[in-house]
Amino acid sequence: MLNIKKSILICLILNSFLGLSQESFIKNTYTTYSDESLPEHSLFIENSRVLLKVYSKGLFPEKNINFISKITKDTICILGEEKDVDQTKGIKLNNDKLVSKFVNTRFYIKSKNLIVHVETERPYFNKTVVDSIFGNQIIYLVDGKILKSEKDSIVLKDILDKKKFKIQKLKMLKGEKAIKSYGILGLNGIVEIKGRYRRCQ
Amino acid sequence: MSIIQEFKNNISSALFSGSSGSLGSQLQLLQSRLDSYESSGIVDKIEPRSKTKLEELKRRLKQKINTLNIHIEKSKGAKKKDLEARIKELKEALEEIKLIERSQTEYEFRVSDTPDFSYEDVADKGIVFYDSTLGSLLNELKHAFQFETGKIDFIKVSGEPENLPGLLYDLGDEVETYKRQYAYDGVLKLRVVMTEEEMLNQLKSGKIKNGLGLGTLEIKKMKKITADVIVRVEDSLGSGSLYSSISRKSLDVHSSLGSIKKGNRQRSNFITGLGIDKLDKNEPYIDFVKVFIKDTPFIYVKY
């Protein structure tokens with residue numbers, strides 16, 4: 001009897017630990033590509049908190065929007081905007097385009113490093129991972145080989161030198177197209193180059 | 001509100017009420033206030049530490065003007081013209097600083113990674129955030145001057161912790177600030193969004209010098225700082241621009257509501273939020289503001 005009680009207790013502890021680990025599983029900033037419909041932004045997700053951050057530009061101040069959300073094992077549901085600032089002062093704007101794009105929508109948690117906005121299929125990548133891979137630089141693919149390091153910039157210089165490299169095909173992919181073709185690598189855009197080195201004379 | 005502005009408003013209201021007695025008493029009252037204002041000299045409301053920075057800026061501006069004047073003697077053609085434009089811009093900066101010093105609004109400078117100019121209505125305070133360089137300070141001070149002269153405004157929006165740039169904020173205002181920064185620094189480095197075509201052309205021509213650092217634009221001539229360039233300023237390639245949501249046409253307090261509406265198509269929530277869409281398009285913005293702020297004082301603009 002005691003053993004059964006012990007087992008139940010252990011199960012409960014394990015379960016609560018696993019539950020906790022699922023909740024704290026996402027505690028990161030997620031970044032995505034931007035386009036005409038959405039300016040540069042990121043999502044900060046911690047336990048049940050979702051914060052949308054739009055970066056400052058010119059006189060536009062940084063914008064932080066707290067969302068009321070419900071996070072389950074594999075889904076984040078955005079239920080509404082959390083308003084903690086005095087709502088009685090100032091003009092009232094209806095249909096804030098930015099907020100309406102997120103409210104009553106869901107994110108599917110694919111992994112710790114990737115969440116996908118279900119309604120638009122827009123992927124959001126773990127910012128720490130993105131920064132550690134390539135920061136905010138464009139990725140070059142030369143005959144399928146990725147150039148991304150400082151050393152590779154010398155290779156690129158050779159490739160851009162008409163005397164050394166003959167470009168046969170050049171293609172630039174950005175935004176959604178780049179992401180669909182190359183996943184995380186396409187976040188800042190991809191330049192596809194195909195060609196061959198010229199023979200030394 | 002400045003004393004001059006108060007003077008103007010009181011006279012207008014006295015004239016409107018049609019009572020000569022009222023006008024006379026208002027004039028007497030305001031004359032005495034003007035006298036005391038004049039005898040007190042310049043009303044310096046710059047925060048003390050910012051004042052020291054401003055003095056340094058003025059000194060360095062004069063030095064820069066002298067240096068550029070020396071260079072101009074040895075220069076010819078386009079380079080000379082550019083130097084002349086820079087000197088003109090820096091002289092204007094010195095004049096504009098005088099107006100900021102005399103303002104009834106308090107100004108404070110703070111160092112920040114994200115340069116910005118914001119306005120706090122409760123304390124009537126303009127806060128200039130700059131990235132510790134004088135070029136950046138000049139850039140943001142230009143915004144302060146634009147605010148002082150009714151070229152930009154701020155609007156308090158319900159639920160927003162900061163006042164947002166109003167409907168007068170346009171691309172031309174940003175061009176002016178970047179030109180000011182260039183005039184001091186002599187070079188402007190911007191991260192810009194390149195169109196696919198431009199990028200491919202650059203790749204084909206092999207003119208890219210910075211290896212993987214594509215999208216960086218280095219400007220070395222003032223005339224190259226245009227709205228077309230500024231609208232593409234970005235932090236990372238392929239990102240959407242907030243600048244594209246503001247008017248390309250220059251707007252100020254005297255612009256018509258029609259122009260304001262046309263220029264702010266991307267910010268239609270402001271137009272409908274203020275009810276501008278239902279008003280006469282020929283009415284000047286300032287007339288609308290005067291009526292609007294009587295009931296709901298949430299637009300901050302100087303005129």
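Predicted model: local features only at pLDDT ≥ 70, side-chain atom pairs only at ≥ 80, totals over all residues.
Okay, before I show anything: two strands count as paired here if DSSP finds at least two bridges between them.

Three strands of chain B make an open sheet, ordered β5-β4-β8, with antiparallel pairing. On the edges sit β5 (164–165) and β8 (299–300) of chain B, each pairing on one side only. If you look at β4 of chain B, residues 154–155, you'll find two bridges linking it to β5(B), in the antiparallel sense. One to click on: B:Ile155 has B:Leu164 in β5(B) as its bridge partner.

Now let's zoom out to the domains. Chain B is assigned domain 1 (3–39), domain 2 (48–172 + 252–300) and domain 3 (176–245). Where domains 2 and 3 of chain B touch, domain 2 puts in 18 residues and domain 3 puts in 17. Which helices supply the domain 2 side? We get at least two residues each from α4 (77–102), α5 (134–148) and α6 (171–185) of chain B. The biggest giver to that side is α5(B), with seven residues.

Next, α4(B) and its helix neighbours. Start with α3 of chain B, residues 48–73. The axes of α3(B) and α4(B) are 10 Å apart, and the packing angle is about 155°. Over 145 degrees counts as roughly antiparallel, so that's what we call α3(B) relative to α4(B). Their crossing is left-handed. The residues that meet include B:Leu61, B:Ile65 and B:Leu68 from α3(B), and B:Leu83, B:Ile87 and B:Leu90 from α4(B). There are charged ones in there too, among them B:Lys58 in α3(B) and B:Glu84 in α4(B). The class count for this contact is eleven nonpolar, two polar and six charged residues.

How does α4(B) sit against α6(B)? Here the angle is about 110°, with the axes 9 Å apart. That makes α4(B) roughly perpendicular to α6(B). This crossing is left-handed. From α4(B) you have B:Arg86, B:Glu89, B:Leu90 and B:Ala93, meeting B:Lys179, B:Arg180, B:Ala183 and B:Tyr184 of α6(B). By class, that contact has four nonpolar, no polar and four charged residues.

Conventions: Residues numbered from 1 in each chain as written. Chains lettered and ligands numbered in written order. Domains from an automatic or database assignment. Contact = placed C-beta atoms within 7 Å. Helix = DSSP H or I, 4+ residues; strand = E, 2+ residues; numbered from the N terminus. Axes fitted to C-alpha atoms, helices over the stretch in contact; angles between N-to-C directions. Parallel < 35°, antiparallel > 145°, perpendicular 65-115°, else oblique. Left-handed = near helix turned anticlockwise from the far one by under 90°.
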